Amino acid sequence: MIHRIFILIFFLFVSFSSQSQILKKHDSLSFFQVVDSLFIDHDLSNYSLRIFSNYKVKQFRLINDDFRSRYVPNNKYGIGFGFANKKVLIDIAFNIKSKKKDVTERFDGQGTLIVGKHNYVNFYLQTYKGFNIINNFDEPDVFRNDIRSWTIGFNYLYTFSEIEFSYSLLKAGLAKRNKNVYITGGVGTFAVFDYFKADENILPQNGELYFNEQAEIEKYSSRAIGVLAGFLSVFMLPKNFIASFNVMPGVALMNKKITLQDGSYRPSNPMLYKLDFTLALGYRVERYYINLTYGTGVYSTDFDFDNKYLFNLSKAKFAIGYKLKVKKSKNKLRKYTSNNLH
């Protein structure tokens, strides 16, 4: 079911992309023309091969006054390879699992699209099974293999000015120094489906001594849709370094249902608040590039009865890329021509 929803969301994005291209050109485009315009880069000098290490995690917290339990998965790190061009970046990662500790079964897929010149879209699909419960009271930390979590969502931002620079181009080693500082903003929308369940209530051992009965949750499901604002910025630094900072706060209406050991209820407060931000630092020379990126999204809502729920989606990546072809600069071409003429 989850994978079907993800596929549906993806095709909605492709459909939206197709429609924007059609309206822009005022004529009909075939499916292959749409795919070509969105994903195919015909300039070989924009292509690169990449190796990387990454960190991805979805964790959540249950808070009541001064007491809190944090649910954190294991095997958060991975290594992988991929390729990039000006229009698309595909990385394939392999999760690193240690034999010395309990393993979290997980799938964590995230992507970003720049559609046209004003549309910034990112989406994610995350499924986890197995969490460590870490608390701030005098109970031992424990790994619970029965706790499962699913999260699906997307962010869409329409920028007021054209997106002359994208965070994706920095990651692909294709950022150009057209401006020393680039800043734009915009407004948009986002949606998220969040769910977790356990075979028994999710509280740690003796958790009922610190939380109330309404925190003895066996299953939680929610759907939210809301609005967001965005700020995108890039700073060209000396010595071929480039830095980027993006932030997107948002607020949404959320439909929530909580199932307890004895009954269920729907929290009365429908609000969901979120804050996403991304930091990136890149360095490139003629044929190689290196970049380091970190991003996180923090989501917060109220479960009533003084219980609060927070979850965050975080990722980091260190990548080294090698370009398949390098364009000769005009100066080098003039020098080459001049030497051959003489």
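Start with the whole chain and its contacts (heavy atoms within 4.5 Å): among those between residues at least 6 apart in sequence, 71% join residues at least 24 apart. This is a predicted model, where local features need pLDDT of at least 70 and side-chain atom pairs count only at pLDDT 80 or more, while totals for chains, interfaces and linings use all residues. Residues are numbered from 1 along each chain as its sequence is written, and side-chain values use heavy atoms, with hydrogens and water left out.

Next, switch to cartoon. You'll find four helices and 14 strands, taken as DSSP runs numbered from the N terminus (helices H or I, at least four residues; strands E, at least two). Of the 342 residues, 46% are buried, meaning under 20% relative accessible area with a 1.4 Å probe, protein chains only.

Now look for cavities: sets of points on a 1 Å grid over the protein atoms alone where a 1.4 Å probe fits but cannot get out. There are three of 30 Å³ or more, a volume being the space filled by probe spheres set on the points, joined across faces, edges and corners. Lining residues have an atom within 4 Å of a point.

Then colour strand S6 (119-135), which gives the most to this lining, with five residues. Strands S5 (105-115), S10 (241-260), S12 (271-284), S13 (288-302) and S14 (307-323) each supply at least two.

Notes: On a 1 Å grid over the protein atoms alone, a cavity is a set of points where a 1.4 Å probe fits but cannot get out, and a pocket is an open set with protein on both sides within 12 Å along at least five of seven lines; lining residues have an atom within 4 Å of a point. Buried means under 20% relative accessible area, exposed over 50%, partly exposed in between (1.4 Å probe, protein chains only).
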